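Here is a short briefing for a reader new to this structure. Take a look at the model first, then follow the points below.

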Amino acid sequence: MPSDQTSRATTNNRLSGKTVQALPAAVATPSYDRSRIVPGLVHLGVGAFHRAHQAAYVDDCLAAGETDWGITGVSLRSADTRDALAPQDGLYTLAIRGSGGERLQVIGSVGSMLVAPEDPDAVLAALTDPHTRIVTLTITEKAYLRAAGGGLDTTHPDIVHDLANPGAPRTAHGFLAEALARRRAAGTPPFTVLCCDNLPANGATLHRLLTEFATLRDAGLGSTGEPSLAPHIADRVAFPSSMVDRIVPATTDADRARISGELGVEDAWPVMAEPFRQWVVEDKFPSGRPAWEKFGVTMVDDVRPFEDMKLRLLNGAHSAIAYLGLLSGHATVDRAFADPAIRSFVDALWAEAIPTLPTDAGLNTSAYTAELAERFSNTALAHRTAQIANDGSQKLPQRIVAGAIERLHASAAPRHLALVVAAWIAACEARGKSLPEAHFTDPLDGPLTALLDRRSPADETVAAAFDVAGFAMGDRARETLIGLVADSLGQVRGGGPAAAIAALDF
């Protein structure tokens with residue numbers, strides 16, 4: 001969130017459409033006429049990652065003359081981003097930071113920002129506009145409101161509200177369903193829904209969840225005579241899958257001060273990113289799309305091999321570095337990765353995860369992990385381990401647990417994968433003790449805190465945590481994995497993370 005001091009800066013001393021032309025020559029600025037841009041995309045969840053990733057790719061397309069793909073940004077919760085960017089005409093600085101220096105680029109692809117709780121009708125108007133042909137999402141894993149079994153959490157208060165009040169939605173599901181219903185009624189073709197979150201088979205997952213939501217909505221509206229929406233979504237709406245990758249640490253007040261000094265004007269909310277970026281997209285867009293492939297996006301028939309490699313090698317290692325790093329007193333990824341014990345652990349983790357990946361998809365895992373090692377060593381990013389540690393119960397199933405279960409099914413021991421789950425539990429236990437109480441958060445903090453406060457033996461703690469988080473429910477290898485995690489948790493509790501890592505070698 002921008003500091004109060006920055007937020008109070010006057011628009012005359014702010015980055016904006018008026019001041020952008022006077023920025024130093026070293027700062028890249030939009031080379032296109034923003035007044036000619038037509039918004040063809042609506043993005044739900046305009047956080048730092050979207051602004052450093054998809055919005056930057058779209059900015060490239062606008063600069064190449066594709067003027068009908070501007071972005072209308074929508075925040076489903078907070079007004080912070082809108083309040084920071086509105087006085088700046090949607091402009092913000094992307095600071096690309098490598099160990100060798102920093103490059104600044106002003107991004108102009110976000111034309112306007114809406115805040116859903118303030119004006120849901122304006123959001124629905126943007127979604128139903130015939131110019132809108134793609135809706136993209138980065139709302140984080142927890143905002144898909146899945147139950148422990150993977151289906152829609154039909155008891156969630158916001159889902160209950162949206163089913164009872166379809167015209168005044170709160171959730172992504174509610175907005176998408178209502179907009180698609182209104183477009184069908186108006187004879188407007190449906191937009192394509194492009195999920196950019198770290199969900200397994202994210203397009204298919206969102207397709208399933210939204211169809212489930214629409215089925216419940218149809219049941220509630222049955223007496224109104226409105227045509228059923230679920231079959232329309234199931235059969236007529238495209239949900240391509242995608243895999244996204246770029247490390248985007250949280251912006252600090254020091255970042256704002258430094259970048260504003262470079263610009264000569266205030267930027268209330270710049271974003272930081274590493275030089276590396278990757279986007280792999282299933283090429284399924286019935287109503288058209290930007291020519292992303294001209295700017296490095298990989299358009300494919302099947303995203304799954306790339307997704308699995310990223311989830312298990314990048315995201316899985318990130319979770320390991322975060323929890324082991326926190327337990328070892330390391331505040332940032334580069335410092336944790338420089339710890340010899342954690343560095344050797346990550347190599348061994350990769351060695352366990354790589355055999356779970358498809359062998360016939362042309363994946364170059366050796367080159368990929370070498371590149372990851374370089375990225376994790378980037379001293380310029382200061383990517384906080386606490387930031388990565390958030391929402392572990394939502395992230396670990398696809399990053400760690402799925403690979404561990406596959407290893408067990410293949411009669412191979414996932415001991416390093418199991419230690420990552422143990423480190424998550426231990427890090428949750430450490431909050432309010434060796435770690436600050438709210439150092440990182442989880443959607444299941446209530447039940448997790450209750451069970452961890454009991455300080456039960458490791459096997460009881462792990463079994464209860466698996467039940468609360470719904471890890472590997474119904475799988476025949478679940479009890480074996482619980483035992484391995486419990487062994488590692490006992491090692492962490494008894495001698496710390498270094499001792500637990502060392503114990504894996506015996």
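Ser488 is found in helix α20. The model is predicted.

- Is Ser488 buried or exposed? Ser488 is buried, because its relative accessible area is 6%, and buried means under 20%.
- Leaving aside residues up to four places away in sequence, Ser488 touches Arg415, Leu419, Ala422, Ala500 and Leu504.
- Leu504 is 16 residues from Ser488 in sequence. In space, the two C-alpha atoms are 8.6 Å apart.

## Helix α19 against helix α20

- Helix α19 covers residues 458-469, and helix α20 covers residues 478-503. Their axes come within 8 Å and cross at roughly 125°.
- That angle makes α19 oblique to α20.
- The crossing of α19 and α20 is right-handed.
- From α19, the contact is made by Ala458, Asp459, Thr461, Val462, Ala463, Phe466 and Asp467. From α20, Arg478, Leu481, Ile482, Val485, Ala486, Leu489, Gly490 and Arg493 take part.
- The residues in this contact of α19 with α20 divide into nine nonpolar, two polar and four charged.

## Helix α11 against helix α17

- Helix α11 (residues 304-327) packs with helix α17 (residues 415-430) at an angle of about 40°. Their axes are 9 Å apart.
- The two helices, α11 and α17, are therefore oblique to each other.
- The crossing of α11 and α17 is left-handed.
- On the α11 side, Ser319, Ala320, Tyr323, Leu324 and Leu327 make the contact. On the α17 side, the residues are Val420, Ala423, Trp424, Ala426, Ala427 and Ala430.
- What kinds of residue form the contact of α11 with α17? They divide into 10 nonpolar, one polar and no charged.

## The sheet β4-β3-β9

- Three strands form an open sheet in the order β4-β3-β9, and the pairing is mixed.
- β4 (101-107) and β9 (271-273) stand at the edges. Each has a single partner strand, so one side of each is left without a neighbour in the sheet.
- From one strand to the next, the twist averages 25°.
- Strand β3 (residues 92-98) and β9 run parallel, joined by three bridges. Ala95 has Met272 of β9 as its bridge partner.
- Helix α3 (residues 54-63) packs on the sheet and touches β3 and β4. The direction of α3 makes about 65° with that of β4.
- Helix α10 (residues 253-263) also packs on the sheet, touching β3, β4 and β9. The direction of α10 makes about 105° with that of β3.

- Strand β10 (residues 278-282) is mostly covered, with five of its five residues buried.
- In a regular strand, side chains alternate between the two faces of the sheet.
- In β10, Gln278, Val280 and Glu282 point one way, and Trp279 and Val281 point the other way. All of them are buried.
- Strand β8 (residues 242-245) pairs with β10 in the antiparallel sense over four bridges.
- Strand β11 (residues 298-300) runs parallel to β10, and three bridges join the two. Val281 stands opposite Met299 in β11.

Definitions and conventions: Residues numbered from 1 in each chain as written. Predicted model: local features only at pLDDT ≥ 70, side-chain atom pairs only at ≥ 80, totals over all residues. Heavy atoms only, no water. Axes fitted to C-alpha atoms, helices over the stretch in contact; angles between N-to-C directions. Parallel < 35°, antiparallel > 145°, perpendicular 65-115°, else oblique. Left-handed = near helix turned anticlockwise from the far one by under 90°. Contact = heavy atoms within 4.5 Å. Nonpolar A, V, L, I, M, F, W, Y, C, P; charged D, E, K, R; others polar. Pairing = 2+ DSSP bridges. Buried < 20%, exposed > 50% of the residue type's maximum accessible area, 1.4 Å probe, protein only.
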